[in-house]
Amino acid sequence: EPAFAIGERAVPTYVAARRERIVPKEAFVRLAYAPGDQVKFDFKDVVARIAGVDVALHMYVARLSYSSAFFARCYVAEDRPALFDGLVSACVHFGGVAREGVFDNASTAVKRILRGRERSMNDDFAAVCGALALRMQFAAPAKGNEKGGVEGLHGFIEDRFFRPVPEFKSLADLNRDLEAFAESYLDKRVPGER
């Protein structure tokens, strides 16, 4: 109708009101875990002084969802050998393999993101997970809350171990101290879901 006029804000206001009625709000359920149920792991960029030189490192962090026990190790590259070494070393550190692992969609593990939660793992990562009998779940893209425990742990370790910038003679010395740091928190609460 020619006399009908609509303001610029009317459409977004109408759409927002309709969306509230049509699209359900996202709900979160607090999860409870049994021992050995799940391990979440990820990488974080950190800096340490090695033999007098500031070096950019990639810290692999794994965290058990039940106990919040964690493992951390630094590498010079965030590649498949680092991922595989971190995963196996974490299993040794924890004294076993969790039933399920949660990781993001890094190319070190994922060949292709499919529909929903389905992922096509690269052959090397699939072989390592198969050898460990570790069933994998992958976080949805841009959903950091799905790995909240390990994401919060990154900052926890960075604040307490990497500030101020620590100095070591070698990367092996750093990793030895980092493992001792994780051990020192074995019976203490660390950030993340419980």
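Good morning. Helix 2 and helix 3 are roughly parallel to each other, since angles under 35 degrees count as roughly parallel, over 145 as roughly antiparallel, 65 to 115 as roughly perpendicular and the rest as oblique. Their axes cross at roughly 10° and come within 11 Å. Axes here are lines fitted to C-alpha atoms, for helices over the stretch in contact, and angles run from 0 to 180 degrees between N-to-C directions. Helices (H or I, at least four residues) and strands (E, at least two) are DSSP runs, numbered from the N terminus.

A word on the source. This is a predicted model, where local features need pLDDT of at least 70 and side-chain atom pairs count only at pLDDT 80 or more, while totals for chains, interfaces and linings use all residues. Residues are numbered from 1 along each chain as its sequence is written, and side-chain values use heavy atoms, with hydrogens and water left out.

Back to the helix pair. Which residues meet? From helix 2 come R80, L83, F84, L87 and C91; from helix 3 come D124, F125, V128 and L132. Contact means heavy atoms within 4.5 Å. By class, this contact has 7 nonpolar, no polar and 2 charged residues. Ala, Val, Leu, Ile, Met, Phe, Trp, Tyr, Cys and Pro count as nonpolar, Asp, Glu, Lys and Arg as charged, and the others, Gly among them, as polar.

Next, the core. The largest nonpolar core has 25 residues, and F41, Y60, L83, F103, F125 and M136 touch the most other members. Such a core is a set of buried Ala, Val, Leu, Ile, Met, Phe, Trp, Tyr and Cys residues joined through side-chain atoms within 4.5 Å. Buried means under 20% relative accessible area, exposed over 50%, partly exposed in between (1.4 Å probe, protein chains only). Which element gives the largest share of this core? Helix 2 does, with 5 residues. Look at L83. Leaving aside neighbours within four places in sequence, L83 is in contact with F41, F43, Y60, F103, T108, A109 and F125. Another core lies apart, with 21 residues, including C74, L153, F161 and F162.

Now strand 7. In a regular strand the side chains alternate between the two faces of the sheet. In strand 7, M136 and F138 point to one face and are buried. Strand 7 runs parallel to strand 4 (residues 100-103), and 4 bridges join them. Two strands pair if DSSP finds at least two bridges between them. V102 stands opposite Q137.

Is D42 buried or exposed? D42 counts as buried, because its relative accessibility is 6%. D42 lies in strand 1. Not counting residues up to four places away in sequence, D42 touches M59, Y60, V61, F103, D104, K147, V150, E151 and H154.

Last, the loops. Y66 sits between strand 2 and strand 3. Y66 is partly exposed, because its relative accessibility is 44%.

A51 is in the loop between strand 1 and strand 2. A51 is not a glycine, yet has a positive phi of about 50°. A133, in the loop between helix 3 and strand 7, is not a glycine either, and has a positive phi of about 55°. A51 is exposed at 60%, and A133 at 61%.

Finally, P164 lies between helix 4 and strand 8. The peptide bond from R163 to P164 is cis, with omega near -10°.
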